[in-house]
Amino acid sequence: MRDSEFWELVDDEFGAAGGRALVRDHVLLALGNRTAQEAMEAGEPVREIWFALCDSLDVPRERRWGKDEKEHRRG
């Protein structure tokens, strides 16, 4: 998954403003008590960050790949 795909998924699921706030502020246990932004800055794979965010916020599996699921499954 590329960074651009991560941000597209964030925007699709949480909205642009809400998604940016979650990435910046929501602390994730699965990422060592870091925010998604901190994990990205530390070089963690964005795919793992996305799934940690989804798990933490109870995003249903059918929505984890956004509107065009087949397109996003590549990464």
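Visitor: Which residues does Trp50 touch, leaving out those up to four places away in sequence?
Guide: Trp50 touches Met1, Phe6, Leu9, Val10, Glu13, Phe14 and Arg64, where contact means heavy atoms within 4.5 Å. This is a predicted model, in which local features need pLDDT of at least 70 and side-chain atom pairs count only at pLDDT 80 or more, while totals for chains, interfaces and linings use all residues. Residues are numbered from 1 along each chain as its sequence is written, and side-chain values use heavy atoms, with hydrogens and water left out.

Visitor: How many residues are in the largest nonpolar core?
Guide: That core has 16 residues, and Phe6 and Trp50 have the most contacts inside it. A nonpolar core is a set of buried Ala, Val, Leu, Ile, Met, Phe, Trp, Tyr and Cys residues joined through side-chain atoms within 4.5 Å, and buried means under 20% relative accessible area with a 1.4 Å probe, counting protein chains only.

Visitor: Which helix gives the most to this core?
Guide: It is α4, with six residues, helices being DSSP runs of H or I with at least four residues and strands runs of E with at least two, numbered from the N terminus. The buried residues of α4 pack against α1, α2 (16-25), β1 (27-28) and α3.

Visitor: Changing topic, where is confidence lowest?
Guide: Confidence is lowest in helix α5 (residues 69-72), at a mean pLDDT of 51, pLDDT being the predictor's confidence in each residue, from 0 to 100. The protein averages 90.

Key: Buried < 20%, exposed > 50% of the residue type's maximum accessible area, 1.4 Å probe, protein only.
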